[in-house]
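The following questions and answers concern the structure shown below. Each answer works towards the value or name requested.

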Amino acid sequence: MIDKRLYEGRFTQSELTLKYLEICSKDTEEEDFETHHILPKSIFPEFVAAGWNLVKLSYAEHYLAHEILPKICLNERDEYKMLYAWNFING
């Protein structure tokens with residue numbers, strides 16, 4: 001699990017954040033997957049290349065992760081970035 005000090009002040013300290021982190025806590029066993037940045041690259045560019053920040057999610061888990069992200073952001077700019085990504089996924 002990601003150390004909460006890394007996202008403190010950016011994500012809420014809530015059950016929804018814990019649910020998000022739980023979704024991202026293990027790689028999927030499915031053959032078809034999406035690679036996901038646990039700490040999103042548009043909010044946390046310093047962790048883009050960090051191997052621990054990448055996880056393989058099933059398509060359903062990836063969709064759910066992006067549905068949750070805008071809801072757990074503490075500041076408006078981060079929320080906007082996550083809504084943009086969410087809208088991209090929804091086509």
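The pLDDT is the predictor's confidence in each residue, on a scale from 0 to 100.

Q: In this predicted model, which element of the chain has the highest mean pLDDT?
A: The chain as a whole averages a pLDDT of 95, and 100% of its residues score at least 70. Among the elements, the lowest mean, 94, belongs to α3. The highest mean, 98, belongs to β2.

Q: Is H62 buried or exposed?
A: H62 has its place in helix α2. Not counting residues up to four places away in sequence, H62 touches E34, T35, H36, L57 and I89. Its relative accessible area is 11%. Because the limit for burial is under 20%, H62 is classed as buried.

Q: Which residues does I89 contact, leaving aside its neighbours within four places in sequence?
A: I89 is found in helix α3. Its relative accessibility is 30%, so I89 counts as partly exposed. Although I89 and H62 are 27 residues apart along the chain, their C-alpha atoms are separated by 9.4 Å. With sequence neighbours left aside, the contacts of I89 are H62, Y63 and H66.

Q: How many residues does α3 give to the lining of the largest pocket?
A: About 360 Å³ of space lies in this pocket. Of the 15 residues that line the pocket, the closest to its centre are H37, K41, H62, H66 and A85. At least two lining residues come from each of β1, α2 and α3. The element that gives the most is α3, and its share is six residues.

Q: Why does E61 count as partly exposed?
A: E61 has its place in helix α2. Leaving aside neighbours within four places in sequence, E61 is in contact with I23 and T28. E61 and K19 lie 42 residues apart in sequence and 11 Å apart in space, C-alpha to C-alpha. E61 counts as partly exposed because its relative accessibility is 27%.

Q: What is the relative accessibility of M1, which counts as exposed?
A: M1 is found in the segment before α1. The C-alpha atoms of M1 and L69, 68 residues apart along the chain, are separated by 16 Å. A residue is exposed when its relative accessible area is over 50%. M1 therefore counts as exposed, with a relative accessibility of 71%.

How values were computed: Residues numbered from 1 in each chain as written. Predicted model: local features only at pLDDT ≥ 70, side-chain atom pairs only at ≥ 80, totals over all residues. Heavy atoms only, no water. 1 Å grid on protein atoms, 1.4 Å probe; cavity = no way out; pocket = protein on both sides within 12 Å on 5 of 7 lines; lining within 4 Å. Points joined across faces, edges and corners; volume = space filled by probe spheres on them. Helix = DSSP H or I, 4+ residues; strand = E, 2+ residues; numbered from the N terminus. Buried < 20%, exposed > 50% of the residue type's maximum accessible area, 1.4 Å probe, protein only. Contact = heavy atoms within 4.5 Å.
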